[in-house]
Amino acid sequence: MKVEGLSKKDLNEYCKTLGIDVGKMVKTDLIQAVYDHRRKVIDEARLDGSCFELLKKTIEDLADKYAENLDLKIVDRKAEMKSDDNSHYLIYRVLGISYEEGSLIDEYQNTGRFLYKYAGAFLEEAAILCLYYSNREGGRTLVENNIGKRPRTFEIDFLNGNDAIELKWRDATTDGDHITKEHTRVQVIKSHGFRPIRVMFYYPQRSQAIKIQATLKTLYAGVDGQYYAGDDAWDYIERISGYDLKAILTGIAEKRDEEKHYDQ
C-alpha cells in the first residue's frame, strides 16, 4: 500500500494495525514509521530465508486490495449512472447506436477508466516492492525543481543508488507538451547528480503515442539516461532486484482464473 496517499486519520489507523505506537506523530513521521516497520519485517525474512515468499504474499495481498477497491468503485459508478442524464443518447441513435448499445458503451467506458487507473497504480507499486525488497537503502525521493517554478518538486519512484527510476505501466499519451514536461523532469534529475531511468512495461499501440515514446527514448539517451520498454522493462526489474515480477504476477493471475472457474 502506498501510504503517502492516505489521510492522517487513515494513516493513524493503519499504523495501529501494524502495532506502531503513533503517539503524537505528524504525518511524515507516521509514513517513516510504516517504512521502518516494513524494513524490519523484510530484514527478518531475509535472515530466515523467507524473503521471496514474503514478497509474493505482499504482492498478492496488494492485488487483493486493489481488486477490492476497483470493484467498489465500479459498483458505485454503475449505481450513479442509473440517475445520469441520458439525453445525449439521441445523438448516439442518430449515428446508428441504439439506446441499449449506448448504455453499454458508457458503462464500459466508465469501468475502463477505473480499470486503467488501478492497473497502472498496482503494477507500479508491485515493481517498487521488488526494488524495495532488494535494496534496503533505496526508496521514493523528491528532488527540487531547480529549472522552473512548476511543479516545485519531482518525484523519483525509486532511487536505486545513483539511478533515478521512473516506473510506468503504460504511457499512451499523444500530447506534445508531455515531451516538454518530461524534458524538464529529466534535466532536473540530472542536475541533482542522478541518472534518469524510464521503465515502461507495456508499449502503446497508436502511432502518435509510439512516436512520443521514440522521442522520449532519444531524450533519455541525450542525458546519459536509460529507457526500457516492453520485455526490456520486465527484464530490467528482474536484473536489478533479482525478482521475476512477471512470473509472480502470472502466478497470481492463474490463481484468479482457477478461482473463477470453480465459482462458475
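Me: What should I know about the model before we start?
Reply: It's predicted, so local features need pLDDT of at least 70 and side-chain atom pairs pLDDT 80 or more, while totals for chains, interfaces and linings use all residues. Residues are numbered from 1 along each chain as its sequence is written, and side-chain values use heavy atoms, with hydrogens and water left out.

Me: OK, how many aromatic pairs are there?
Reply: The whole structure has 11. Rings of Phe, Tyr and Trp (its six-membered ring) pair if their centres lie within 6.5 Å; planes under 30 degrees apart count as stacked, over 60 as edge-to-face and the rest as tilted.

Me: Why is Phe-52 with Tyr-243 called stacked?
Reply: Because their planes are at 5°, with the centres 6.1 Å apart.

Me: Where do those two sit in the chain?
Reply: Phe-52 is in helix α3 (residues 51-81) and Tyr-243 in the loop between α8 (231-241) and α9 (245-263), 191 residues apart. Helices are DSSP runs of H or I, at least four residues, numbered from the N terminus.

Me: And is Tyr-243 buried or exposed?
Reply: Buried, at 12% relative accessibility. Buried means under 20% relative accessible area, exposed over 50%, partly exposed in between (1.4 Å probe, protein chains only). Phe-52 is partly exposed at 37%.

Me: Switching topic: which ring does the charged end of Arg-39 sit over?
Reply: The ring of Tyr-132, 4.2 Å from its centre. The cut-off for that is NZ of Lys or CZ of Arg within 6 Å of the ring centre and within 35 degrees of the ring normal.
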